[in-house]
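Subject: Structure handover

Hi,

Here is the structure I promised to pass on. Please open it next to this email and follow along.

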Amino acid sequence: MLRYISEIWIPVIFIFLIISCLEVGEQQNNYLFENLSSDKTGLDFSNDLPTNVDLNILNYMYYYNGGGLAAADLNNDDLIDLVFSSNLGKEKIFINKGALQFEDISTNHSFEGGENAFSTGISIVDINNDGLFDIYLCQVGNYRNLDNRNKLFICTGLDENNHPVYEEKAEEYGLDFKGFSTQAGFFDYDLDGDLDMYLMNHSLHHNGTFGKRSSFLNSVDSVSGDRLYRNDGISFTDVSREAGIYSNVIGYGLGLAFGDINFDGYPDIYVGNDFHENDYLYINNGDGTFTEDLTNQIMHTSRFSMGVDIADLNNDIYPEIISLDMLPEDPVILKRSEGEDALDIFRFKLGYGYNHQYARNNLQLNKGNNSFKEIAAFSEVHATDWSWSPLIFDFNMDGKKDIFITNGIPKRMNDIDYINFISGNEIQYKIQFDQLETKDLGAIEKIPEIKIKNKFYLNDKTLKFLDAEVLIRNDKESYSNSAIYADLDNDGDQDVVCNNINQEAFLYKNLVEEKTYHKIKFEGPGKNKSGIGTKVIAYQDNDIIYYENYTTRGFQSCMYNDLLIPVSEGKDLDSIIVIWYDGKWQKIDSPVEKNLLIKYTEASGNFDYQSIRKKNNIKLKKITSDHNLDFAHEENPFVEFNREPLIPHSTSSDGPALAVGDLNGDKLDDIYIGSSKRRKSALFFQTATGIFERSTQEALEQDSIYEETDARIIDLDNDGDNDLIIATGGNEYRLTSQYTTPLIYWNNNGELTRKPGVLDSIHTTSSCILVEDVNNDGFADLFIGGRAVPWSYGEVPESFLLINDQNGSFINKTEEYHPDLSHTGMINGGCWTDINGDGKKDLVLALEWDRICAYIHNGDSFSKQYLSDESGWWNFIQPVDIDNDGDTDLIAGNLGLNSRLKASKKEPVRLYHEDFDNNGSKEQVLSYFSKGKEIPFSNMMELHKQIPLLKKKFIYANDFANADLKEIFGKDKIASATKYEVDYFSNAVLINNGEGRFKTKSLPAEAQFSSYHTSSLVDLNNDGLQEIFLGGNYYDCNIQMGRYDADYGSILFNHGNENLEYIQPAGDMLKNQLRKIKEITLADGTTAWVIAVNNQRIELVKLSYEE
């Protein structure tokens, strides 16, 4: 099991080593790859795309998607050869002559797209099982002047020069599809021993692709929509409909990859779709059919999904999925480019049945329980610009797979200035009615062109990736599309080749030296000689490395590779398990030979996939329906961004409130659940059988206009029964409204009544209500934390310390206890706990845009103390003695590290609050640093809408993108603005040194994948150490920021000595937005937890632990 300390130190050491390499890279030639020129390799292929009237970016939007690339040993000489497709030119085959020298044999073969061809992806397969590889070439046909079908080139033998000879036979095999084909992939989906084919196609907007998703799903389009072809021996049969594959017109397929997603022995499929259509995750049912299950397993995806890959990045046998998009890394390009949809359009698409999609790369972490967590921002691979092909493989042979990404497009159609130029132009009319003339091609020449470098990311073992750009010798900017990796020089590491537009292909030679490895070649049965679908698990000490043998990955690419397994220096592998595509398996103990030939004929049995699944000791079970707890919170449709478009996130959806306690005097815990505006809250009394019965309370029914964010069940008047007090929020009403006051309901034998006037003078949008006997008079006093000021995010709200007068009223004594307390900050949560061991409980507050602070209880006053040096967006505080040393430590929820926003002391995230346009109301300018430059987070269009004077100041996006904050908003305005800073976004634990001083430590890596908002304590294994039950996620964010949704209920398992291990419990998952977790004792004496979920059903759960 990983320990907390290792989560901290492994990446620190790795980063130090990498930085050292970066600093000495050029001086000591410490490079990873070298880009070799064509005069050294002979790879002089260039996919040249002219600008012409008949076919161009204006009448075919995928004109610059690039050609395909494939790698395989075409002439059986144990050297990997290369096949390039050209969109409009001639395809080429390069025979590997050894030592990274290649020979162009294009004049000697008949492999070409043909007249009026537009070639795209390439696939390699031995389709007739004769030991020679054949080539399947995808085409765009039946469009404008393009009139070709997909082609299948059968290798009929080798000529006298040992070069392959081909004959086209697609029609004979039933694979001559004509339409918008992108890529084909061969795999054995039905495990019958032969290779079937998945054909991915794309679409065009004018094909009628806009509308409700449900209206398209069961339709079939003749030129678009994907196809599944079953291999029936001598030909292939289209079985798409019966197999559950979508073949409709809204399939904009650009990325295709295969893998055993759920490790059940059957190959699954991932398809990346461009534009509004969802990506597809096809789970193989094992009966010849698939279930498209993306929205059940994946919370959000890329928006303009391009290339994809599937491979195991963390060596847990469950492969991850990466999909690419077009979010720029460079701040100038970013601000010149069109961003996400406006909020209303985004929600409109959701209403039409499309999934949550964001225009950035997505890295889906496979949890092995039919769920994924999207972590690209945490891994820092979310923004690589206009990206095409992701390839996951081990660059440096250290046992950790890394990520390579191709980049660039000749014409950036999302450039804001170009969009504005062309949107009002007559050329729009000509495009619509297909009337482009030669003189109109000047409009294409005006489209910005920006070459950028391809990306190499090194894996640091904690799913963080470091940009290795300076470790690439002779690196060049390009428009690179398809790519392959292969050991082209047989030296035991993977080289990389890219197919470029208007530029010769790149060959990156791998420069890693002093490596020890095993090379595995598969000898499969007659109909699958390359062992497609075979799995390999290599064991060394306590580590494993997991591989799957599939050839289609990336973008329009295919690669046949011998498998390279690295071996740690001075050690041998303990064993290798090979699981063939049909479940037969074999084990090789302590392999010695460097080159291993794995034969299918030596395999036997049927592999037990359950045998190597890791056991999870902690289980979560939902028991909600068993106890009749039937309530769903429904958020009201108030959109705070319509009022304040520049805020980073909404403050109006923090509910529901939740309280647990005995309200009817039967010694059983009852449950109160708050509501949003115009919805009814609910009170459930627990019966002696553990069933919860809803109690109708007239007072609660009458107060449905309030929005409730927190609640407590406590005896306020010392009459022997508990009362109910509620904090109200929502941030919708002005502070003069009666609906911004807290609510107290007095209890009379289980009947609640509200006496007007008790707290009517207290107005605030509150986040929390905290109860403590502050003046030690035996009566409960109240602290009400202010969350935000309506219509003015960035202004500090008022908070209140209310002292119980023992007569049913409360006196505001906030200023008497401390002058800063009333306006201490934007409070998200807090608690009363004794942090200095003096026997008095102190007030600890989680602040947004500030540090965690405490008001130390000195008797009749407070003294203010900051408990950390780190300023964050702190959401909650949980007191706990983590290290069992007798003092109070703190768990603190924050934004987490899976965000586009990155904060540090050197480069903080800032908020400027000022009236930038002198209209009498203040705006918010959120800023962050990118490439060392402080830039506004909002794009130009968002700022134009809220601050109209910027329209005159910055007519062109290029000028806006190159301006700094002072140039955009004015030096004087920036200086006069109220400024907030955040330098720390980690979810954290604050360790008490015993004297009320704290050190802040980041929680384990997986506890940084989302924002946390609540927690509870539990000793799962009865060892005297408290575990932490965490709940999080937050959806109502700026669309450019995306939503935080990568937590499904979490446990921090306490091993002592400040070592916390992250564990996601087995069993049921808690998706969605967890706002409150409260422990409850059931009627049978057992412990459970009530989970308040925003805009979803309330849950009742139990946790269990098994050794």
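This is a predicted model: local features need pLDDT of at least 70, side-chain atom pairs count only at pLDDT 80 or more; totals for chains, interfaces and linings use all residues.

**Domains**

The protein chain is divided into three parts. Domain 1 covers 36–412 + 448–522, domain 2 covers 619–903 + 984–1105, and domain 3 covers 909–980. Take the C-alpha atoms of domain 1 and domain 2, and their centres are 47 Å apart.

**Where domain 1 meets domain 2**

How many residues of domain 1 are in contact with domain 2? There are 29, and they touch 26 residues of domain 2.

The size of an interface is often given as the accessible area lost when the parts come together. Here, domain 1 and domain 2 bury about 2300 Å² between them. Carbon and sulfur atoms carry 57% of that area. On the domain 1 side, Met299, Lys373 and Phe378 lose the most area to domain 2. Together they give 29% of what that side buries.

Which elements give two or more residues to the side of domain 1 that touches domain 2? They are helix H5 (294–297), helix H7 (343–351), strand E23 (372–374) and helix H8 (376–379).

**A sheet with strands E24 to E28**

Now find the open sheet of four strands ordered E24-E25-E27-E28. Its pairing is antiparallel. Strand E24 (387–393) and strand E28 (465–467) are the edge strands, and each pairs on one side only. From one strand to the next, the twist averages 25°. Inside the sheet, strand E25 (residues 402–407) and strand E27 (residues 455–459) run antiparallel and are joined by three bridges. Ile405 stands opposite Lys455 in E27.

**A sheet with strands E66 to E69**

Another open sheet has four strands, in the order E66-E67-E68-E69. The pairing is antiparallel here. Why is one side of strand E66 (1012–1018) and of strand E69 (1060–1063) left without a neighbour in the sheet? Both stand at the edges with a single partner strand each, so one side of each has no neighbour there. The twist in this sheet averages 25° from one strand to the next.

E66 pairs with strand E67 (residues 1027–1032) over six bridges, in the antiparallel sense. Leu1017 stands opposite Ile1028 in E67.

Best wishes

Notes: Residues are numbered from 1 along each chain as its sequence is written. Side-chain values use heavy atoms; hydrogens and water are left out. Two strands pair if DSSP finds at least two bridges between them. Axes are lines fitted to C-alpha atoms, for helices over the stretch in contact, and angles run from 0 to 180 degrees between N-to-C directions. Domain bounds come from an automatic or database domain assignment. Contact means heavy atoms within 4.5 Å. Buried area is the accessible area (1.4 Å probe) that two parts lose on being put together, summed over both.
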